[in-house]
Amino acid sequence: MVSLDVYARAVERTRLVRAYGTVKQALGLVVEIAGIRAAIGDVVEIDDVLAPRDAKPLDLEVTGFRGDHLLTTPLGSTTGVRPGQRVRLTTRGAEIPVGDELIGRVIDAFGTPLDGLPPRVPRARAPVHAKPPPAVSRRPISEPFTTGVKVLDALCTMGRGQRLGIFSGAGVGKTTLLGMLARGSSADVNVIALVGERGREVNEFLLDTLGPDGLARSVIVCATSDEPPLVRARAADTATAIAEHFRDQGKSVLLVMDSVTRYAMALREVALATGELPATKGYPPSVFAALPRLLERAGTDAGPGAITAVYTVLVEGDDLSDPIPDAVRSILDGHVVLARDLADRGHFPAVDPLASLSRLSVALAPAEVTRAAQRLRELLGAYRGAKDLIQVGAYVRGSDARVDRAVEMMPRIEAFLRQDMRESVRREDASLVLTGLFEENP
């Protein structure tokens with residue numbers, strides 16, 4: 001028999017949670033809804049009763065409230081939305097399908113296939129906005145992770161479960177480097193998020209940069225630049241949720257996200273539209289609070305699986321002290337900087353060894369590889385310090401023994417730092433080539 005207290009609480013919950021409401025107004029990216037109660041993060045749907053027969057229901061995510069009115073952000077086009085349209089609370093929540101059926105597929109931020117192939121809907125589902133693993137339950141990172149890129153494996157050795165950022169301006173080769181990582185990594189499965197990417201470049205990335213072999217062991221989550229901002233932001237969370245599922249299965253996952261900057265820009269659009277005040281260079285405080293919640297979900301947990309994450313960060317004007325690059329760099333376990341002057345000279349990948357760092361490199365790489373990497377950076381630094389004098393012919397040989405050595409070694413060092421985009425090098429071979437530079441030329 002149900003007690004009166006339990007019955008009263010159930011009635012109160014039924015009274016508070018109303019299933020239907022109406023559209024009051026739509027302004028920019030915000031649709032205001034009255035007559036319905038829902039929590040932030042819930043999904044509501046504009047009913048198609050009053051819509052044309054060929055129209056589809058429009059989903060909206062609750063991002064705030066003002067008094068008794070909900071502030072929602074659409075997950076699609078608002079064309080056709082009218083005042084007074086009926087809105088209902090859905091029971092779907094922020095969940096997506098996850099499973100092996102997604103491998104080799106291209107999907108949108110909601111798990112819907114985009115590749116035109118027959119749908120294979122996984123039975124399992126996972127929350128899009130999951131919490132990061134507790135800090136005390138994370139396994140220490142002790143196993144090197146092979147990327148297939150010489151300069152990264154030898155000079156910025158990554159660990160299985162590490163999070164690394166690739167920082168560069170536009171057109172310096174970020175996407176090409178990501179394709180090299182996806183094809184040559186030692187991961188069991190790749191999860192690649194294309195957040196706010198140009199529509200033209202999606203197919204180019206799939207066909208040319210990634211290729212059939214890379215796609216065969218990858219899940220591609222795509223939200224192009226024409227999508228609503230909340231959809232672009234959700235693509236990053238969806239890709240992370242899929243990677244978490246594979247990690248829970250004990251697999252080694254490579255999570256690649258291009259780019260965190262566009263994710264932050266999408267959140268900024270939503271926050272400003274709902275009335276949040278800007279703080280730093282137009283970014284509201286909620287954006288800087290969302291970044292660690294997303295980035296900390298990658299890495300290790302208590303199980304045997306791990307998410308090794310690589311995030312690209314667009315640096316406006318090649319300024320690493322910009323708010324988003326600076327915030328992301330403080331959260332991640334290392335950073336790789338792509339230099340525009342190297343790209344302009346046709347040097348690819350355009351990784352700047354002097355500006356790049358892996359915080360786990362010393363702990364994971366053999367001592368002889370660490371010493372060789374330090375020696376290479378020392379010679380590069382000496383050469384750059386005298387570069388202007390060398391180029392104009394004003395440097396006198398014998399003035400500095402380190403510069404003399406750097407000038408002699410520079411052709412071999414540059415050859416080591418270059419790599420064809422279709423080439424994949426084993427981590428052991430990259431280490432042998434690096435240490436061999438200084439064994440042959442002590």
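**Stop 1: the barrel**

Select strands β1 and β2 (residues 30-34): the two run antiparallel and are joined by 5 bridges. The model you are looking at is predicted.

Zoom in on the end of this pair. Leu27 stands opposite Val30 in β2. The hairpin of β1 and β2 has 2 residues between the strands. Click on Gly28 in this hairpin: its phi is positive, near 65°.

Find Gly21, then look across to Val87 in β6, which stands opposite.

What do the strands form when you select β1, β2, β3, β4, β5 and β6? They make a closed barrel of 6 strands. Trace the order β1-β2-β5-β4-β3-β6, with antiparallel pairing. On average, neighbouring strands of this sheet are turned by 45° against each other, direction ignored. Strands of a sheet pair through backbone hydrogen bonds, either parallel or antiparallel.

**Stop 2: two helices side by side**

Select helix α3 (residues 174-184) and helix α4 (residues 199-216). Two packed helices are described by the angle between their axes and the distance between the axes. Here the axes come within 9 Å and cross at roughly 5°. Angles under 35 degrees count as roughly parallel, so α3 is roughly parallel to α4.

Which residues meet? Show side chains for Thr175, Thr176, Gly179, Ala182 and Arg183 in α3. Their partners in α4 are Phe205, Thr209, Leu210 and Gly214. By class, this contact has 3 nonpolar, 5 polar and 1 charged residues.

**Stop 3: the largest pocket**

Rolling a probe the size of a water molecule over the atoms shows where empty space is left.

The largest pocket holds about 670 Å³ of space. To find it, select Glu61, His129, Leu267, Ala290 and Arg293, the closest to its centre among the 25 residues that line the pocket. Then colour β4 (58-66), α5 (229-248), α6 (260-273) and α7 (285-295), the elements that give two or more residues to the lining. Which element gives the most? That is α7, with 5 residues. Colour the lining of the largest pocket by class and you get 13 nonpolar, 5 polar and 7 charged residues.

**Stop 4: the second largest pocket**

Next, select Asp59, Leu75, Asp108, Phe110 and Thr112. These lie nearest the centre of the second largest pocket, which is lined by 20 residues. Its volume is about 510 Å³. The elements that give two or more residues to this lining are β4 and α5. By class, the lining of the second largest pocket divides into 8 nonpolar, 4 polar and 8 charged.

**Stop 5: a closed space**

How many cavities of 30 Å³ or more does a search of the whole structure find? There is 1. The largest cavity holds about 40 Å³ of space. Select its lining: Pro144, Asp153, Thr157, Leu364, Ala365, Pro366, Arg427 and Ser431. By class, that lining has 4 nonpolar, 2 polar and 2 charged residues.

**Stop 6: backbone details**

Most residues other than glycine have a negative phi, and most peptide bonds are trans.

- Select Asp258 and Ser259. A cis peptide bond joins them, with omega about 5°. Ser259 sits in the loop between β15 (252-258) and α6.
- Select Phe348 and Pro349. The peptide bond between them is cis, with omega near -5°. Look for Pro349 in the loop between α9 (340-344) and β19 (357-358).
- Select Lys281. Its phi is positive, about 50°, although Lys281 is not a glycine. You will find Lys281 in the loop between α6 and α7.

Key
Residues numbered from 1 in each chain as written. Predicted model: local features only at pLDDT ≥ 70, side-chain atom pairs only at ≥ 80, totals over all residues. Heavy atoms only, no water. Axes fitted to C-alpha atoms, helices over the stretch in contact; angles between N-to-C directions. Helix = DSSP H or I, 4+ residues; strand = E, 2+ residues; numbered from the N terminus. Parallel < 35°, antiparallel > 145°, perpendicular 65-115°, else oblique. Contact = heavy atoms within 4.5 Å. Nonpolar A, V, L, I, M, F, W, Y, C, P; charged D, E, K, R; others polar. 1 Å grid on protein atoms, 1.4 Å probe; cavity = no way out; pocket = protein on both sides within 12 Å on 5 of 7 lines; lining within 4 Å. Points joined across faces, edges and corners; volume = space filled by probe spheres on them. Pairing = 2+ DSSP bridges.
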